[in-house]
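Biologist: Hi, could you walk me through this model? I'd like to go place by place.

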Amino acid sequence: MARKIPFNVVFASDEDINFPASELNNHGPTVHGWRSAPNGSLTSHDIILRFQHPAKIYRIQLLAHQYLIPEKVELWLHYSPKSLPSTPSSQYFDFLGFVALADNANTNYKSRELQSVTVCPRRGTHLKLRLIGVQGNDYNDTGQISLLAVNVLGEDLEVGPNNGNGEEHLANEAPPLDTATGELALASICDDLLFSMYVEESIVQTIRELEQRKVLAVNSERFEYARKLKLCMTALRTAGERLGRYALAKRQAVQQEDFSTARLRKEQIEMYRAAVLRQLQVQQLLEPQGVALSSNDQSCEIYAGGKPSLPSAPSLQDVAQALAEATFSPKSMTSLSLEDKSSTDGSQPGNDNMVTAPGPAAAPAPAPTALQATPTLGGWRKSHDELPQSPRLPSRHSSPMSSRQGSLRRRNKSVPRNSYEDYEERAIPTLRHSNTNEFLRECQGNALLEADPNRGRSRLNDRERRQAALPILVFGNELVEQFYSRQFQDREDGLMRLRNFLKEHDLVDSSSNEHAASPNKVARSAALLLHRAVRDAVYSVFSQATETVRMLFLEYVPGRVSPNEVARCVDRLLPELLAKSGDPSARLHTLAQHTILSIAACPEVAEQHLVAPALSRSVGSGTHQRLAMSRLQMLEQLVHTQGISTDKHSGLTCRALSECGCSGIHHPAEPVRKVAERILLLVYKVNPRLVRKQLPPDDDITRRNLLYRQLFTEFDKLDLDRKQELLLEASKYGGGHSSGDAATPPADKASTSSDASRLMNSRSGHSLGPMASSSNGYASCNGKQQYNEQLKRSMLSVTNSRKGSASNSESTEDNTPKIRCPFCDWSCAGSDATQLDRHYWKACPFLTKCPQCSQVLEVAALNYHLTTECDAKESYVICVRCTESVHKQLYELHQMEDYCRELKTGAARCPLCHDDVHLPQDGGWKLHLLSAGGCPGNIRKRNLKKSN
């Protein structure tokens with residue numbers, strides 16, 4: 001069976017002093033590898049390896065750098081018996097072949113390429129690697145090339161007196177193959193380069209000893225013992241990967257001269273290694289005395305349920321605390337144990353993430369286990385990689401998902417994870433999005449598919465080709481393959497290419513170019529591809545897809561695509577966007593809502609009423625809260641932008657909106673009911689009779705329900721506002737009485753409401769008492785003159801009644817003390833100051849409560865209070881665009897809202913309704929908050945009835 005052939009580097013044409021060729025002699029997580037001299041003049045670089053013993057070579061493995069990549073590597077083999085002297089000048093090398101390396105541009109220079117080359121069995125004592133050329137890229141400005149590791153697999157050669165010179169092939173021999181997989185049979189898994197480069201060295205040596213014990217156990221038919229050894233080796237590999245990450249962190253701390261962290265890392269490695277060996281009972285399984293232990297042949301608790309659990313890894317805080325205790329109590333360090341935490345931890349740390357290493361199609365290699373940065377506490381939070389080797393990520397992958405590339409999954413999802421490990425394995429945002437952390441990008445790099453040099457792009461199968469027949473005909477096979485690729489970078493590239501195609505595609509006459517696709521076919525093909533893209537689970541792809549959808553309907557469709565084709569495109573895309581609008585993630589459903597409203601703004605879509613009917617359907621009580629609220633919010637926005645229509649097919653009729661609103665107010669979620677109430681109020685302003693017809697009768701029994709009581713209260717306010725408007729119109733018809741009516745104090749408005757109702761009745765054709773008998777006097781006049789005369793008479797009676805009531809009340813009001821609000825001019829009879837405090841606390845529309853500290857203050861000062869005076873001022877920032885105070889966690893969502901807009905010069909922004917307040921220093925706030933309609937966002941409404 002093949003095993004690792006030890007070797008030493010005896011010659012290198014050149015090298016970087018910080019990365020010598022001797023680094024290739026060892027394998028491990030902390031190995032730097034070899035690099036050529038910077039700005040060298042050599043076009044080819046030779047490295048000669050001498051095997052410690054003559055060997056029969058079966059496989060050669062090469063691990064390339066991320067961006068310091070040669071164009072190809074030639075392999076040369078030399079064999080010289082021990083009886084003959086061997087010097088570099090006398091050596092003759094046989095050419096085995098060469099390995100071409102990819103430029104790694106399609107992986108964004110974040111993954112290492114592993115090449116495993118199987119050769120015919122050859123004798124050899126020296127191996128020469130000739131690295132030719134350099135793959136140019138933006139990150140390799142010094143013209144260097146690098147080789148991280150070399151591994152030679154084979155068997156030791158028994159040298160005899162009849163052995164030849166090794167130049168001919170061993171024609172009758174074949175490399176040993178594994179009967180199960182058909183791959184090269186290895187004597188130990190530790191001999192594979194993918195294993196030795198990621199597992200800590202001491203754990204590798206322990207696994208080798210356990211493998212030897214497993215072979216002996218199988219030969220002696222101790223199968224229970226062999227099963228324990230197998231499970232122990234699997235768990236040790238997971239722990240070894242974690243220890244390798246810790247070793248990388250220690251090396252980086254030393255490079256940064258952070259020796260305190262390096263000491264903590266060293267102690268962390270020792271503590272975790274001791275805890276793992278103790279929990280897995282490695283010393284007992286090794287049987288150091290050479291005597292078989294009966295306990296190894298019996299089932300035990302730790303190995304009874306399959307793969308054993310590992311202890312929790314100590315954080316740097318635990319290590320620092322242990323060292324501090326050891327300073328005061330020397331015995332405390334020896335008594336430190338991790339068994340308490342590991343008794344409740346069923347997870348397997350270090351085995352959470354996997355990435356596949358790239359390789360050629362001819363030599364696929366198993367996926368190595370990636371190393372992941374381990375976050376720690378306080379000042380010890382460091383990266384796990386060397387600092388000077390990090391290229392900057394291109395701007396194309398600056399999306400939120402570009403730093404989470406790779407195939408990341410948990411191997412054992414059934415085992416629960418405790419909070420300690422969740423903290424330990426949490427991805428640190430500063431490291432996750434860092435552009436200077438080379439190792440973290442390698443660990444979270446692309447999960448490239450097996451041996452596909454084209455970055456794992458999927459080839460379309462027959463079913464997919466039939467589905468995408470039209471897009472392939474219009475856009476070409478390459479662009480469609482990007483949409484069907486399993487790599488999200490390919491899907492992003494495909495969406496950007498589609499947008500560019502739509503921008504550059506002009507309406508071409510079929511007679512001038514018969515091969516050009518018509519706009520209808522282009523729109524249909526784009527809708528087919530976007531239907532797949534909007535369902536993508538990656539946020540960056542979904543964001544690109546929604547941008548393409550908006551570009552399609554707002555820029556390409558108008559004036560080009562036929563109405564039938566527009567309807568077909570909307571019917572294909574709208575259901576998927578509606579489903580996304582109900583996503584729990586705020587950024588997803590906000591983006592979906594914005595896209596749907598953009599589609600509705602397209603003139604061709606608005607003319608056919610394609611979006612509103614889908615939004616105005618009744619909302620069932622079982623509809624998800626987020627989905628129902630998104631639908632109602634979009635419907636409310638459409639009412640504001642497009643208005644209430646009389647076309648029964650528009651979906652924005654009074655009946656459709658009232659039915660939708662009535663179904664929404666019965667939803668169990670309060671935010672959904674609030675939006676439904678706002679829709680009903682919008683419809684009530686246009687058709688109050690229809691809305692009240694949809695609701696239960698307005699009586700005392702119905703108003704016992706809080707929902708209906710609030711809704712009917714809002715209806716009464718709208719009715720009162722409408723009556724006041726009619727009264728103002730009537731006063732205008734009445735000539736000189738308009739100014740007197742406009743100056744009517746709030747205490748008299750209750751009495752004038754009955755007069756306004758009489759005016760409405762007279763306007764609808766009913767009589768007003770005495771005027772019915774005098775109608776014959778107006779028979780010769782037309783209807784308008786008769787109506788004006790009736791208004792004049794009614795207004796005279798109203799003003800006379802007001803004067804009489806005012807004169808009667810003057811005598812009593814002079815002797816009654818009053819309390820008056822300095823903000824809103826509210827007043828009440830009496831001298832109890834608590835009434836004014838109660839008014840400030842609950843009713844004054846000029847004041848409001850702070851949402852954080854509940855302090856009562858002016859509405860105009862709320863933004864200033866939240867950022868400078870409030871107890872929670874650290875959580876609020878001022879929006880640079882609209883000057884409102886916004887919570888830090890909601891800042892990004894706030895900037896996506898429509899009301900976040902530039903503030904006009906000389907105006908202020910109301911924090912309740914987000915409208916501009918003009919002339920804030922000259923009575924603008926009073927006009928905004930105390931006008932008849934009041935601030936739309938203020939829950940305090942001015943009490944129109946005063947106490948007498």
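**Rings, helices and a few loops**

Modeller: Happy to! Lys72 lies over the face of Phe98, 4.9 Å from the ring centre. For a charge to sit over a ring, NZ of Lys or CZ of Arg must be within 6 Å of the ring centre and within 35 degrees of the ring normal.

Biologist: Which lysine lies over the face of Phe542?

Modeller: Lys580 does, at 5.1 Å from the ring centre. Before we go on, a word on the ground rules. This is a predicted model, where local features need pLDDT of at least 70 and side-chain atom pairs count only at pLDDT 80 or more, while totals for chains, interfaces and linings use all residues. Residues are numbered from 1 along each chain as its sequence is written, and side-chain values use heavy atoms, with hydrogens and water left out.

Biologist: Good to know. How many helices and strands does the protein come to?

Modeller: There are 35 helices and 16 strands. These are DSSP runs numbered from the N terminus, with helices being H or I of at least four residues and strands E of at least two.

Biologist: And how much of the protein is buried?

Modeller: Of the 948 residues, 48% are buried. Buried means under 20% relative accessible area, exposed means over 50%, and partly exposed is in between, with a 1.4 Å probe and protein chains only. As for contacts between residues at least 6 apart in sequence, 69% join residues at least 24 apart. Contact here means heavy atoms within 4.5 Å.

Biologist: Back to rings, then. How many aromatic pairs are there?

Modeller: The count comes to 10 aromatic pairs. Rings of Phe, Tyr and Trp (its six-membered ring) pair if their centres lie within 6.5 Å; planes under 30 degrees apart are stacked, over 60 edge-to-face, and the rest tilted.

Biologist: Why is the pair of Phe475 and Phe501 called edge-to-face?

Modeller: The ring planes of Phe475 and Phe501 are at 85°, with the centres 5.0 Å apart, so the pair is edge-to-face. It links distant parts of the chain, as Phe475 is in helix α13 (residues 469-475) and Phe501 in helix α15 (residues 488-504), 26 residues apart.

Biologist: Are those two buried or exposed?

Modeller: Phe475 is buried, at 10% relative accessible area. Phe501 is partly exposed, at 27%.

Biologist: What about Phe823 and Phe846?

Modeller: Their ring centres are 5.7 Å apart and the planes are at 20°, so that pair is stacked. Phe823 lies in the loop between β9 (818-820) and β10 (827-829) and Phe846 in the loop between α32 (833-843) and β11 (847-849), so the pair ties together parts 23 residues apart in sequence. Phe823 is partly exposed at 23% relative accessibility, whereas Phe846 is buried at 11%.

Biologist: Which residues do ring pairs link into a cluster?

Modeller: Tyr684, Tyr708, Phe712 and Phe715.

Biologist: Nice. Switching to helix packing, how do α22 and α23 pack?

Modeller: Helix α22 (residues 625-642) packs with helix α23 (residues 654-664) at an angle of about 150°, and their axes are 12 Å apart. The axes are lines fitted to C-alpha atoms, for helices over the stretch in contact, and angles run from 0 to 180 degrees between N-to-C directions.

Biologist: Which residues make that contact?

Modeller: From α22 they are Leu632, Leu635 and Val639, and from α23 they are Leu657, Cys660 and Gly664.

Biologist: Now a loop. Where is Asp191, and is it buried or exposed?

Modeller: Asp191 lies in the loop between β8 (146-156) and α1 (193-196). Asp191 is buried, with a relative accessible area of 3%. Leaving aside neighbours within four places in sequence, Asp191 is in contact with Ala2, Arg3, Lys4, Asn151, Leu153 and Arg208. The C-alpha atoms of Asp191 and Asn151 are separated by 8.5 Å, and these residues are 40 apart along the chain.

Biologist: Last one: what is the phi of Gln281?

Modeller: It is near 55°, a positive value in a residue other than glycine. Most residues other than glycine have a negative phi. Gln281 lies in the loop between α4 (259-279) and α5 (282-286). His609 also has a positive phi of about 55°, and is found in the loop between α20 (603-608) and α21 (612-615).
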